[in-house]
Amino acid sequence: MKRTVIKLLLLLFIFTAGLNFSYSQENEGETKRDVNSLVTKYLVAANDALDEGEIQNAYNKVNNALALCKEPGKALNVITISRLVYNQKLEQLLNKYDEKEFIEVQLNLKKYPFIADTKIETLIEQLGKKGEKKEKSAVNYLFVSIIILTFIILLIVLAAIFIIYKGFKLSSRQQREYINAVKMLAANQTQTNRLMIGGITELYGGNPSLRIAGTSAWDATKALPDVEFSEEDTQELQQLAIKCEEIGSKIDEISQRKNNSKNVSEFVYKLSIQMGLPKGMAMLNFCASMIYDAGFLGMDPELLVSENLTKDQKEALKNHVMLADKYLEFVPKKYWSVFYDAATKHHENMDGSGYPKGLKGQKIPQIARLIRVAETYVSLSSKRNYRQAIDKETAISMMKEKSGIYDEEVVAALDFIL
């Protein structure tokens, strides 16, 4: 029924437009008739679109008509159709809310206030509440999203802290285990040190191949006539060796000669047995050889590691043999002379060209002659910054060529051992 009335109004609008044309001037009437005709066309199209359920199309057509009509508020047909279309549009938005389209409708209603009626105002109010609810929901959603995101970040941070804590705890446990392992190793090393002398004597002392005849010049009584090397002496030497090894390690550290004291002392022990000395004397020589360079502890460390020494520096380095006394205070008095000879006379040469006193031949103590050979061999056969290690045959050959420096018997014993 309403659609029929609208169509009658459209016909009336067309008729009225025709009458207006007949009373106007020809040019002005023609223009007005064209505009009214176009408005009518839009209104008819809008009505047809409503019949087909195309509300958005009808809404667009009505707005086109409103834009063309000079006084749409005075045209009953325009108002009627516009209200009908706007009602349908607002109901559509009520069912499927779109904020952008709702704002557009509100702006058009402000532009054409004559369209609004009670029903349209009611729909506008309902849509406004719905928009507020959606806006509130959006705010709530954003707030909830922020809370959830914050919670997730918090979980990630807590997880990271937990992982770091577990890693730190694991690291601490591993560190404790490492420290315990080091302590156990140190304890085992101490035990090894305590057994080292006995082990060496068992290994070499019972081997007849390390004996040569005719070694009267190496009689033990010439070195320590008052020591019998009893079982008690042997135990005392085992404890002494532990202290000597500690000092020897310090000497090697400041002189940057890895295991030098250990290597020299082992060769001295082997040479002592090879030269026919008893186990007790060989053990004593072993201990003294570990700290033969005790005088280094009283020198400038930079002088000890320098590769290019001046003449004055070389002379200063020789003073280490005169600085050993204070580092031998722990040595029992009955063994002291051997340790003193080892520390102060290991640079004496058989031809008297050595230092500090220029001793010759048999006047050089046994321990000093043993260390002179052992130290030279260890030095030649070890790699240095300025050269590669020398093979044992070449090292022995070089030492034999310098018979005025080394005791030939000791060099021959070393060659036999190697």
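Modeller: The model is a predicted one. Cysteine 287 is likewise classed as buried because its relative accessible area is 0%. The cysteine sulfur closest to that of cysteine 287 belongs to cysteine 244, at 5.0 Å, which is too far for a bond. A disulfide requires the two sulfur atoms to lie within 2.5 Å, and by this rule the count of disulfides is zero.

The account now turns to asparagine 63. This residue belongs to helix α3, which covers residues 55-68. Asparagine 63 counts as buried because its relative accessibility is 15%. Apart from neighbours within four places in sequence, the residues in contact with asparagine 63 are Tyr86 and Asn108. With tyrosine 86 there is a polar contact from side chain to side chain, at 2.7 Å.

Tyr86 is itself among the buried residues of α4, a set that also includes Asn77, Val78, Ile81, Val85 and Leu93. Helix α4 comprises 20 residues, 76-95, and at 1.5 Å a residue should therefore span 28 Å. The C-alpha atoms at the ends of α4 are 29 Å apart, which agrees with that expectation. An α-helix has 3.6 residues a turn, so residues three or four places apart point the same way.

How values were computed. Residues numbered from 1 in each chain as written. Predicted model: local features only at pLDDT ≥ 70, side-chain atom pairs only at ≥ 80, totals over all residues. Heavy atoms only, no water. Helix = DSSP H or I, 4+ residues; strand = E, 2+ residues; numbered from the N terminus. Buried < 20%, exposed > 50% of the residue type's maximum accessible area, 1.4 Å probe, protein only. Polar contact = N/O pair within 3.5 Å; in protein donor to acceptor, adjacent residues only side chain to side chain. Contact = heavy atoms within 4.5 Å. Expected span 1.5 Å × (residues − 1).
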